[in-house]
Amino acid sequence: MIRPKTFCPLMFFSLAIAAVTSSVSPVDAQVAQDEYNMASGYYARGQWLESIEAFKSVIARFPNTEQAAASHFFLGEAMMQQGDFAGAYQAFQVFLTKLPSHQFAPRAMFRLGETAYRLRQYDRAIRLLELFVLEHPTDRLNEFALPYLGELRIKRNEPQLAQKAYETAILAYPESQLHNKCRLGLARVYQMQGSIELATRLYKSIVSEGDKLLAGEARLQWGILCYGQRDYEMARQLLDEAFVACTDLESKTEATYWLARSETALQNTERAVELFSAAVGQSENETLAAAVYFDGALTAIQAQQPTTAEAWLTQLRDRWPNGQWADDALQLQIDIAQKESRFDDALLMIGQFHENYSDSPLRTKVLESEGRVYYQREEFQKSIDAFQSLLNGVINGGVGIHSGGKQRETWKYLQSLGLIGMDRLAEAETVLGSIDLDGQSEKLRSLVELARATTYSGREKYEHSVAGYRNYLALEPNGTEAFRARAELTIAYARLKQWDLASDAFDDLSQNHEGQQLVLETAKFLAETAFANEQNGYAARWYEYLVRPGNPRELIARGLSGLAWIQMRTNESNHALATFERLVNEYPDTKFAAEAAMARAKFLDDSEQYEEASKMYGFLIDKFPDSKLKQAAMLRCAYSLQKVGGKTNLLQAQNLLADYIQLPGNPPAMDEALYQLGWVYHDLSLAPHGIETFKQLVKEHPNSKYWPDAAFRLVQNYIQKTDLDAAQPLIEKLLNPKTPTEILSRVVFLNGQIAAENNEWESVTLSMRTLVAQATDRGLQATGNYWLAESLYRQGEFAEAGDLFGGLVEETDELDESLTPWIYLRAAQCRGKLDDWTEAKSIAKTASKIYPDFKTAYEYDFIIGRALAAKGKFNNAIVALRRVVDSPTGGSTETAAIAQWRIGEAYFHQEKYEKAIRAYYRVDALFGYQKWRAAALMQAGKCQEHLGNWKHAARLYQQLLTNFPDSEFRQAAEERLRLASRQAHHETNSIKRKIP
C-alpha cells in the first residue's frame, strides 16, 4: 500500500510559535524554539534518526510548550519513515491529545489508522480509518484511507464493505496513483463474491495497461481464477508470468504455490514438487504457508516421493500444532506409514491423533486405518475391535463419531477379515451375511463374495464355497484373487469329489467344447496358471491329475514336465532329475521330452554348470535330431563349451557352429552363430578367421543386435593395420544413436584417435567431448578426458587443458600406465604456458620423482629450469637445463636445443656475456634446429655488443643473415648489423654502451 508523503516541517512552521504557556520563561521559550528549529532542519533534510532524537529532546526538556506538542506530530512522521510504527502510533496519539483542533489533526488521525494497519491491528485500523473518513469526508487523505479500508475488509472476509470502499475511492479519485490498486482490490472482491467474469475483466484490463507494480498481482489473481475454472494451462502461463512480475516475496510465494497446484492438476507431479520445495518456508501468512506444506505433501505422494511428503507434513505440524491443517497432516502421515508397512509408526501416530484431535471429522478415517494396520500386523482382535468401534459410532472414551453411512458395509467386510484371520469363521459368516450390498461398488461386492467363499471353505461348507467362488469369478473374472478363486474352486470340487460338477464348471468356462478332454485341458490351464503365479502346491496337484494313467500321452508328458519344473523351483533337484529322466525315457516321441532335456540343460546353463549343460545339450542333439529345439541346442551347446574352455571344447564348439551355419533353410539365429563363431576363433588364437567371420556377419546381417559389436571389432582390426579407408565407413555407420552406448563410446574414441593421427585436433576435441558425455566406463571416460585435454593443448587452449590434466592426476588408476607421466608433463606445460611457473615447477618435480625412467623425463627438467629462470634463480635454472642437454634420450631433441639456448639466456640476464656467448655457440654447433640456431646467433651478437666487440657482433649478424635468410630475426639482424658496422668503423675504441 502506498503511503502519503511525509510533511515538510516548514509547512508547520506557523506553529513555531506565537504563544507559550505562562509557566515558561521567555528565555526557555526561545531555547525551546531554537531546539525545535534544529529538529525541523533534520527532518527537512531527511535525517530521520537525528530528527527523532532532537524532537524527543524538545519533548523531554520543554514538555509544556507548543513546540513539544508539535514535536509529537513530527516525531510520529519520522518514526514512520524508520518503520517504528508502534512508536509512531504513540506519538500521534499524544499529538491529538494535546492539539485536537490543530490543522494537522486530521492527518494525525489518518496516521493512527495507518500505523494500526502496519501493526496488523486490523480491527483498530478499521475503526480509526472509518472515523477519519466520517469526520473528514473531503480530506485528500481519503485517497489513501479508502484503499486501506478496502484491503482491511478483504482480510476480514467482508467483500460488500470492501467493494463499497474501493468503488468510493475509484469514483472520488480517478486520477489517484492508487486508482489501479483500487481496481485490483475491486477485482479481488468480485472474485470473493463469485463474479468471475467481472473479476477476470478487471484483471485483464490491469495487465493490459502495463502497470508494472500491479500487473504481477493481477496475473496472480487471474491465474488463481483460471485454476478455479480448471483452465490449468492458462493458469500455469499466468502464474509463471506473475512470479516474474511480482517483486515481493509473499506474492512470489503465492504464485509459486498456485503454479505448483496447476502442474499437479496437469499431472506434472515432479515439476510440481520442485515448485512446492521452492515455496516451503517462504511465506509469513500462516494459511498460505500451511497450504504449501500440505498440498505439497499430497503432490509428493502422487510423485512417489513419500519421504518428502512426510518431511513437509512433520514441519507443518511442528510449526502449527493447533492449526487447521494439523489433523489432516497427521492423518495423511498415517496413510503413508500404513502403505509403507511401517506399522509401529502408524500406530504411534494414530495414538497421537486420538489424543490431540478427538473432535476432528477425520477420526473415522484414522480409526479405519487403525483397523487395517492391526489386520496387516495379524493382530486380528485389535482390528476387529477398531472396526466395531466404527460400527458402534464411538471412539476411545465414548466420544461419538459419524456412523459412516454406506461406509459401514466396508467396515463390516474389513472386520470379517479379522475374524477369518482368527479362524472365527462362524462369526465372520454372520458379519458377511449382514452386509447390505445394494448400491455398493462392484469391487466390494466381489470381495464380499470371495470372503464368504473362504469362510465356507474353512468351515467345510464346500457347496456354499463353490457358489461364492463362482459368484466372485462372475463379478471379477480377471480380478486380483481370480487365480486363487479358481484354484480353490477346483479344490472344493476335489474335496467333494464332484467331478461331474467340476466338468460342468470347466464347460461353463470353455464354451463350445465337449467331452472329457475339455476337463483335462481345463485342468491343464489351471495347473499352468497356478504355476505361473508360483502357487506350487496347486500347480503340482493339477499336474499330478494330468499324469494319471489313461490320460492322453501328450497331456501326461506335459504334466511330467510341469512337475519337474516345480521340483527344480523348490530346490528338489534329485526329484526333478528323476522326473525329467522318466519323461525322456517313457515319452521320447513327444515334444515335451525334448523340452525336458532343454529345460534341464538350460537350468545347468543358468547355474553356470557349463560342462554338465554341454553334455545335456549334446544329449538332446543326438537323441532328438528332428526336434525343433535342436538348432537352439546347437547354439547353447557351443556357448557352454566355449565357457568351459580348452582347445578340445573350443574345437567342438567351432564344429557345432560351422554345422549350424551350413543348415538348410537359413536358420533363424544365423547372426548369433556367426558372432559366437567369431569369438571361438578368437579364443583359438585364429584371429584372421574370426575377423572374416565378423565380416560375414556385418555384410549379411545389418539389422542384427550383434552387428554393432562385430563392426567395432572390424574397425579395431582395420586401425591396427592402418587401413583407415576400410575403417571409416563402418565408423560412420556406428556413429548412430541406435548403437549400444558402450560400443558407441568406444567407436567415438577410435574416431578421435584417427583424427589425432591426422593432427585434426578440432575433430579430436569434438569426438572426445561426445565420449566424455556418454561413456559409462570410467576408464574409457578418463582416457577420453586425456585426449580431450591433449587436443585442447595442441590448439593452444591451455587453461581448459590444464584444468583437465590437473583433474586426471587424481584419476590415474583409471588410465593406461603409459599415459600417466604424460598427464603430469602436460599439466605442468599448461601451467607454464599460463605463466604459473610455481605450480608448473611443483608438478614437474613431483613427476620427476614418480617417473624417473619416463623416456621424456628430460621435459620435466626443462620445465623446472624454465620455472627457476622465471623466478630469477638463474644458477639453479642452468643446472636443470643442463640435465636436459645431457639427457641420453633428449639430448638431440628440439627441447635440448631450446634448453641450451635458455642456458645462454640465463647467463645473459646475469650479464655474464662471455659464458652466454659460449652457450649460444653450442646451440649453433650441436643442434640442427634452424630457428634456435638463428636465435642463438642473434643473442650472441648482442652479447658481443655488450662487450664492445662490434666487429664480432657484426660478423655474427652477417652469419645469421647468410645462413638463415628466412629467419624471423632477419629484420632485427639487419638493423643491428648496420649499427654494429658503424660502431666498428667509427667507434672502435668507444666506451661500451648499453643496448636497448
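Helices are DSSP runs of H or I with at least four residues, numbered from the N terminus. The model is predicted, so local features need pLDDT of at least 70 and side-chain atom pairs count only at pLDDT 80 or more, while totals for chains, interfaces and linings use all residues. Residues are numbered from 1 along each chain as its sequence is written, and side-chain values use heavy atoms, with hydrogens and water left out.

Salt bridges were examined next. A salt bridge is a side-chain nitrogen of Lys or Arg within 4 Å of a carboxyl oxygen of Asp or Glu. By this rule, 43 salt bridges were counted. Burial is judged by relative accessible area: buried is under 20%, exposed is over 50%, and partly exposed is in between (1.4 Å probe, protein chains only).

Arg452 and Glu449 form a salt bridge, with the closest N and O atoms 3.6 Å apart. The two residues are three apart in helix 23, so about one helical turn separates them. Arg452 has a relative accessibility of 18% and counts as buried. Glu449, at 13%, also counts as buried.

Salt bridges also form a network. Shared partners join Asp123, Glu130, Arg153, Arg156 and Glu158.

Another pair is Glu429 and Arg459, whose side chains meet at 2.6 Å, N to O. Glu429 sits in helix 22 (residues 425-433), and Arg459 in the loop between helix 23 (442-458) and helix 24 (462-475). The pair therefore ties together parts 30 residues apart in sequence. Glu429 is buried at 19% relative accessibility. Arg459 is partly exposed at 38%.

Glu284 and Arg120 are also paired, with their closest N and O atoms 3.6 Å apart. Glu284 lies in the loop between helix 14 (269-279) and helix 15 (286-302), and Arg120 in the loop between helix 5 (105-118) and helix 6 (122-135). Glu284 is exposed at 65% relative accessibility, and Arg120 is exposed at 54%.

Helix packing was also examined. Axes are lines fitted to C-alpha atoms, for helices over the stretch in contact, and angles run from 0 to 180 degrees between N-to-C directions. Helix 45 (residues 858-870) and helix 47 (residues 894-909) pack at about 25°, with axes 11 Å apart. The two helices are therefore roughly parallel (angles under 35 degrees). Contact means heavy atoms within 4.5 Å. Tyr858, Glu859, Phe862 and Arg866 of helix 45 make the contact with Thr895, Ile898, Ala899 and Arg902 of helix 47.

Technical notes
Angles under 35 degrees count as roughly parallel, over 145 as roughly antiparallel, 65 to 115 as roughly perpendicular and the rest as oblique.
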